[in-house]
Amino acid sequence: MSSRDIATSSRGLGHGGGGGPAQLADVLERVLDKGIVIAGDIRINLLDIELLTVKLRLLIASADKAREMGIDWWEGDPFLSSRGHDGIEGRLRRLEEAAGLPLDDGGKKR
Amino acid sequence: MSAVATETAFYAYGVVASGQRAAVPTRAAGAALEVVEAGPVAAVASVVSLDEFGEEPLRENLNDRDWLERHARAHEDVLLAVAASADVVPFRFGTISRTADDLRALLRDREHALVAALERVRGKIELGVKVWVDEARLRRALAPPAAEAASATGRGYLEARRAAQREAADAETFCADLVREVYERVAAHAAAAVVNRPQPRELTGRAERMILNAALLVESDATAVRDEVDVLAERLRGFGVTLEVTGPWPAHNFVDGADDEA
């Protein structure tokens, strides 16, 4: 990985293209599913989290679940093999089925 | 003497290089911050009560939507406050150690990986890039104008059905190509890029479908990506396609793999 060294005049951190607070879904996706995992003294099993709906739980749980099952399509470039109808959606469906999670993708089923 | 002292623990948000520890603010998002240093890296932490963050209470609190939202946002806000003046490697939510010494031990165990992650994110921030599509508008934009002339005869009905199927297939192909093109074009401006699963409608609350949910690791001055997105958005406006840039975020998506579950 190239370490491009730059002089940062202003980092200007803040959220959202148009200001306003970040979407909760974006925050949870990052804070609960991304970032270095260090098992401290108190372990959190994220699969315990019910959250708002089963769907939200699925979003949060999916990455770890999938990793457990050796499915890691999101880590490569999924688009190289996602042409045609059964691309990402199809793979997600299979992932969800494999994870034993209920299926429903907002009426998108064909 | 009889007052019950609440037991406490250290909740760590992430790490900075020890050399930058002076840049860590003393307070952020309503929390007093402590810096726990171990060699080349230093954790940014808060003292929390085990009444709230102990194993049992935490399990319950994680299921409390408001509690979770408040603390997830605080976690993020602290990291952003630190990131304003130092390079920071974010931890996942809920990295809790009983004592500062326990936390130091964890840092020492992973010193190599943490230093490598700090090097990777140095001078960079994370942006989110999303692509949304209004599927009805996209189909209309792709449909040839003549398709309106379906007659009431059986043959006309079949033709209309076939046309509708073609349009749906065209829309899918269009989206697949579009997502790849957008991803490649924005990723070209990034030091690293990943694609995450698009968020479901139940979560976004939007009528449009999210078809790309990418994260980019970019130089702190992210204008190249924003300019690229503006150009693409302009071109795609007539197709019911919307592009969105979120962030800057702490580099959550680009520190993984530096550590495995211990």
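Which domains does the domain assignment of chain B give? The assignment gives domain 1 (8–122) and domain 2 (126–254); such bounds come from an automatic or database domain assignment. This is a predicted model: local features need pLDDT of at least 70, side-chain atom pairs count only at pLDDT 80 or more, and totals for chains, interfaces and linings use all residues. Residues are numbered from 1 along each chain as its sequence is written, while chains are lettered from A and ligands numbered from 1 in the order in which they are written.

**View 1. The two domains of chain B.** Their centres, taken over C-alpha atoms, are 36 Å apart. Domain 1 of chain B gives eight residues to the contact and domain 2 of chain B gives five (contact: C-beta atoms, placed from the backbone, within 7 Å). On the domain 1 side, α3 (65–83) and α5 (111–121) of chain B each give two or more residues. The largest share, three residues, comes from α3(B). (Helices are DSSP runs of H or I, at least four residues; strands are runs of E, at least two; both are numbered from the N terminus.)

**View 2. An open sheet in chain B.** Four strands run in the order β4-β5-β1-β6, with antiparallel pairing (pairing: at least two DSSP bridges between two strands). β4 (34–38) and β6 (89–97) of chain B stand at the edges with a single partner strand each, so one side of each has no neighbour in the sheet.

**View 3. Strands β1 and β6 of chain B.** Strand β1 (residues 8–17) pairs with β6(B) over five bridges, in the antiparallel sense. B:A12 stands opposite B:T95 in β6(B).

Methods. Two residues are in contact if their C-beta atoms, placed from the backbone, lie within 7 Å.
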